[in-house]
Amino acid sequence: MGSKDDARKKFRLKVPTSIAVMPIRTKLTIISSTIFFCSILFVASLHDFGLGEFDFWMFEYNDFNFDFQTNRNHKFEIDSVLEINEDDWVSSLEKESGPEELFRFRKASILSRILDEDISSAEMLYNNSSPQGKAFNYIVEQDKRQLHPDEHLLLQRYALAVLFFATQGDEWTYGNLHFLTGVQECYWRKKVHMTLLGVSACDSKSHVTHIQLCKYNTAADWKLFFNGICGK
Amino acid sequence: MNLQGSIPSEIRVLERLEKLDFGNNALIGSIPPELGHLNKMKFLALNTNNLTGKIPEEIRGLDNVGKSIF
């Protein structure tokens with residue numbers, strides 16, 4: 001008996017009196033609400049670390065699904081995607097003259113458009129190691145969208161690619177922010193610490209209106225979570 | 001964000017640009033005067049970089065800029 005009492009005394013000494021005295025119902029309420037708030041914080045932090053943006057990954061497998069799911073409230077954007085997909089200029093030209101001819105025709109058309117509108121110099125465009133040359137190669141060869149040379153948003157995509165290469169996008173702190181992926185360039189962005197970085201806004205016709213590539217707060221990560229990277 | 005290199009003049013293609021924030025990076029070179037052709041610009045931040053040269057006259061002519069930080 002004596003040893004049991006000692007054990008109880010020891011136990012009571014360790015637990016603060018206020019908790020020890022509480023009825024079991026109150027204790028359960030405190031525990032369950034703590035678990036509830038912790039789970040909310042956990043889900044929020046997942047999103048903050050970019051895991052909530054898995055819809056961007058889905059695009060890699062299915063173009064249309066991506067645009068349909070994220071833009072279901074913006075019909076104009078779905079329309080613009082369908083316009084590109086349904087465009088039959090590629091197939092018609094391919095039938096007439098073959099894929100190589102098509103490639104050369106497209107490359108020459110894009111080149112002359114950039115030069116005619118005096119956007120980049122020929123010297124920079126022909127230089128494969130310059131940002132302009134890299135961006136041109138991206139638009140012509142690697143870009144999954146393979147835009148028509150006359151597509152009005154082609155130069156916007158080119159300019160953003162130049163910005164990526166000119167500012168050493170490979171070394172950006174938070175990765176490439178979906179730059180140069182197959183999504184429409186208004187989605188070349190990523191939410192990091194509650195801040196949209198990259199192309200942070202477009203207008204109703206998919207023209208870029210906001211670019212945010214800043215980092216003002218160098219505080220600890222948990223502070224960035226509340227204040228954002230570019231400040232409030 | 002660790003932006004290095006320089007601001008490309010091609011940015012003038014983005015005619016509807018209202019906000020451009022490159023603050024607190026390691027950009028070098030000069031500010032391209034082409035930025036002055038972006039008439040819709042309302043907020044321009046290029047502060048805390050290693051940019052050199054003068055602020056181009058063209059940028060001073062931007063009417064809509066409510067706030068700019070260099």
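**From one residue to the contact between chains**

Modeller: B:G61 is exposed, because 11 other C-beta atoms lie within 10 Å. By the rule used here, a residue with 20 or more other C-beta atoms within 10 Å of its own is buried, one with 12 or fewer is exposed, and one in between is partly exposed, with the C-beta atoms placed from the backbone. The structure is a predicted model, in which local features need pLDDT of at least 70 and side-chain atom pairs count only at pLDDT 80 or more, whereas totals for chains, interfaces and linings use all residues. Residues are numbered from 1 along each chain as its sequence is written, while chains are lettered from A and ligands numbered from 1 in the order in which they are written.

B:G61 lies in the loop between α1 (57–60) and β3 (67–69) of chain B. Such elements are DSSP runs numbered from the N terminus: helices (H or I) have at least four residues and strands (E) at least two. B:H37 is 24 residues away from B:G61 in sequence, and their C-alpha atoms are 9.2 Å apart.Chain B as a whole contains one helix and three strands, and their order along the sequence is β-β-α-β. Its C-alpha atoms fill a box of roughly 30 × 20 × 15 Å along the principal axes. The radius of gyration of chain B is 11 Å, which agrees with the value near 11 Å for a compact globule of 70 residues. This radius is taken over C-alpha atoms, and the globule rule is 2.2 Å times the number of residues to the power 0.38. Of the 70 residues in chain B, 37% are buried. Two residues are in contact if their C-beta atoms, placed from the backbone, lie within 7 Å. Among contacts in chain B between residues at least 6 apart in sequence, 44% join residues at least 24 apart.

Chain B also touches chain A: 22 residues of chain B are in contact with 27 residues of chain A. On the side of chain B that touches chain A, strand β1 (residues 19–21) gives the most, with three residues. That side has 11 nonpolar, six polar and five charged residues. In this classification Ala, Val, Leu, Ile, Met, Phe, Trp, Tyr, Cys and Pro are nonpolar, Asp, Glu, Lys and Arg are charged, and the others, Gly among them, are polar.

Strand pairing also links the chains. Strands β3(A) and β1(B) run parallel and are joined by three bridges; two strands pair if DSSP finds at least two bridges between them. Within this pairing, B:L20 of β1(B) stands opposite A:I211.

The pairing continues in chain A, where four bridges join β3(A) to β2(A) in an antiparallel arrangement. Here A:H210 in β3(A) stands opposite A:A201. The hairpin of β2(A) and β3(A) has five residues between the strands, and A:S206 takes a positive phi near 65° in it. Strand β2(A) also pairs with β1 (residues 189–192) of chain A, in the antiparallel sense over four bridges. A:L196 in β2(A) is the bridge partner of A:K191. Two residues separate the strands in the hairpin of β1(A) and β2(A), where A:H193 takes a positive phi near 50°.

The largest nonpolar core has 52 residues, and those with the most contacts inside it are A:Y158, A:A159, A:A161, A:V162 and B:F22. A nonpolar core is a set of buried Ala, Val, Leu, Ile, Met, Phe, Trp, Tyr and Cys residues joined through C-beta atoms within 7 Å. Elements giving two or more residues to this core include β2 (195–202) and β3 (208–212) of chain A, and β2 (43–45) of chain B. Leaving aside neighbours within four places in sequence, B:F22 is in contact with residues of both chains, including A:L213, A:C214, B:L3 and B:L27.

Helix α11(A) supplies the largest share of this core, 11 residues. From its first C-alpha to its last, α11(A) reaches 18 Å, close to the 18 Å expected at 1.5 Å a residue; the expected span is 1.5 Å times one less than the number of residues. Just after α11(A), A:Q168 takes a positive phi of about 55°. In α10(A), the buried residues include A:P131, A:F136 and A:I139, and what covers the buried residues of α10(A) includes α8, α9 (122–126) and α11 of chain A.
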